[in-house]
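Hi,

Here is the model I said I would pass on to you. Have a look through it first, and my notes follow below.

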Amino acid sequence: MAPRALVLALPLLALTGCSPDLDPLRPAVAEVPSGIVAVALRASPEPAAPPPRATLTLVAGGDVSFGRWRGQKLLANPDRDDFAPLRPLLADADLRFVNLESIIFDNGPVTVHPDNILVFNAPPAAAPALRRGGVDVVSLANNHAWDHGQRGLFETFERLDAEGITYVGAGRSREEAYAPRIVERGGFRIAFIAVTSIWNQVLHPHPGKEHIADAAQERLVAAVREARALPGVDKVIVSHHGGEEYRRPTSPPIVSLLRAALDAGADAVLGHHPHILQRVALVEGKPLFYSLGNLIFRDTGKGGTWAKFGAVARLELTRDAPTRAWLCPVRLAAGRVIPLAAEPQRQAIEGLFRTYYDRMLTAGARTEPDAAVRLGPLGEDGCGEILAEDERAAAPPPSVAARR
């Protein structure tokens, strides 16, 4: 074999393992002319990183409380899974959000104040219960965040952190309470902001003012603009706790506040606190859920039939495209939550819900005509798409897998 031919053969033998005297990992390979080594290295390139995803599915619920009666249930059975009936709605989402309306505070056997039923707490087992339910993000900006003062709030932070659950709307300082929380999935980045318009104590002045984000319009608008300006943020979601309990109409101040958030750059608003389902609006194509009602919450007996309905919102968030939204009604019965897809009396319950909701949307269109919507057909999964009033009827929503 000619000397040059031998030089060409050496790296090939080393790479194929044909000679026991040649180890492909030995530095001796570097003695081969550099051009030949470069060719061999290019033959086994590192796998390319996948491109950032273009679409993300967010599922959001309303009020979740593990205090009072439900807290006692958790104390008796820490492995209890209150989210189990919702698993089909939650499982296919990339992110899951709820309003956590009970701090997580070790108060021994007590989950409600003996002299005040409006002061309550969830036991430590609530944090793992949220994780078992698949919850990724919770809002703490609500009127029960200060039920046990700073100590209870800070313990809530620690217990959520231990389970890897992101919280928003509260913090160890005022700046942290208003700061957007960025959550990323596959390169898609969402900024969450949460504020509350309702407070169980006088907030001005109050020490809780330094730790809970209240819904002052100027501050909310500034927070949304800050979030929109952050590098790489694809969508901004605002959580709002406020409105009148057990009343279906939305008040003009709340309408003005939440529209201002959308005008400032938010892509969707998720509302809660009234403990009753309120209407949805589309503001320049952006979904505004005034109140999703209760999700995991003991029925108080107030509000009549309609307080027994809540909903899960499903948002299809696509980079540089309008957000699509679905409403998935649920019914509360004896402490359980029943999604429409699992409803044993689906036909009757669906008809009742449809009548109620269509009337509410019609009433809303009179006061907010530029945001008028209707609810599309409810599919097998129990969800109907939120459509602008002039859109034609849509088919039941495709599966999440098909939409990705």
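A residue is called buried here when its relative accessible area is under 20%, exposed when that value is over 50%, and partly exposed in between. Please keep in mind that this is a predicted model.

By that cut-off, the buried residues of helix 6 are Gly149, Gly152, Leu153, Phe154, Glu155, Thr156, Phe157 and Leu160. What lies over them? The cover includes strand 2 (95-100), helix 5 (126-132), strand 5 (137-139) and strand 6 (166-168). The length of helix 6 works out too: at 1.5 Å a residue, its 14 residues (149-162) should span 20 Å, and the end C-alpha atoms are 20 Å apart, which agrees. Just after helix 6 comes Gly164, with a positive phi of about 70°.

Before going further, a word on confidence. The average pLDDT of the protein is 86, and 83% of the residues score at least 70. There are two stretches to treat with care. Over residues 1-43 the pLDDT stays under 50, and the model has 19 contacts beyond four places in sequence for them. Residues 392-404 also have a pLDDT that stays under 50, with 25 contacts beyond four places in sequence.

Next, the strands around strand 15. Nine of the 10 residues of strand 15 are buried, so this strand is mostly covered. Which strands does strand 15 pair with?

- Strand 14 (residues 309-318) pairs with strand 15 in the antiparallel sense, over eight bridges. Here Glu316 stands opposite Arg324 of strand 15. The hairpin made by these two strands has five residues between them, and Asp320 takes a positive phi near 60° there.
- Strand 16 (residues 336-339) is an antiparallel partner of strand 15 (residues 324-333) over four bridges. Leu332 has Val337 of strand 16 as its bridge partner, while Ala333 stands opposite Arg336 in strand 16. Two residues separate the strands of this hairpin, and Ala334 in the turn has a positive phi of about 50°.
- Strand 18 (residues 384-388) pairs with strand 15 over two bridges, again in the antiparallel sense. The bridge partner of Leu327 in strand 18 is Gly384.

Leu327 leads on to the packing. In soluble globular proteins, nonpolar side chains tend to be buried together. The largest nonpolar core in this model has 42 residues, and those with the most contacts inside it are Leu58, Phe192, Ile237, Phe289, Leu315, Leu327 and Tyr357. Helix 10 (residues 346-367) gives the largest share of this core, six residues. Apart from this core lies another of 41 residues, among them Ile104, Ala126, Val312 and Leu332. As for Tyr357, its contacts are Leu277, Gln278, Arg279, Val280, Leu327 and Leu375, if residues up to four places away in sequence are not counted.

Are they buried or exposed? Asp234 counts as buried because its relative accessibility is 14%, and Asp214 counts as buried because its value is 8%.

Asp234 sits in the loop between helix 8 (217-229) and strand 9 (235-241). Its side chain reaches the backbone nitrogen of Arg189 at 2.8 Å. Leaving out residues up to four places away in sequence, Asp234 touches Gly187, Phe188, Arg189, Arg228, Asp267 and Arg319.

Asp214 belongs to the loop between strand 8 (188-196) and helix 8. What does the side chain of Asp214 contact? The side chain of Asp214 makes a polar contact with the side chain of Tyr178, at 2.5 Å.

Finally, there is Arg68, in helix 3 (residues 68-76). With a relative accessible area of 26%, Arg68 is partly exposed. Beyond its neighbours within four places in sequence, Arg68 is in contact with Thr111, Val112, Ile117, Leu118, Phe120 and Asn121. Arg68 and Leu118 are 50 residues apart along the chain, and their C-alpha atoms are separated by 9.4 Å.

Key. Residues are numbered from 1 along each chain as its sequence is written. This is a predicted model: local features need pLDDT of at least 70, side-chain atom pairs count only at pLDDT 80 or more; totals for chains, interfaces and linings use all residues. Side-chain values use heavy atoms; hydrogens and water are left out. Buried means under 20% relative accessible area, exposed over 50%, partly exposed in between (1.4 Å probe, protein chains only). A polar contact is a pair of N or O atoms within 3.5 Å; within protein, one must be able to donate a hydrogen and the other to accept it, and residues adjacent in sequence count only if both atoms are side-chain atoms. Contact means heavy atoms within 4.5 Å. pLDDT is the predictor's confidence in each residue, from 0 to 100. The expected span of a helix is 1.5 Å times one less than its number of residues. Two strands pair if DSSP finds at least two bridges between them. A nonpolar core is a set of buried Ala, Val, Leu, Ile, Met, Phe, Trp, Tyr and Cys residues joined through side-chain atoms within 4.5 Å.
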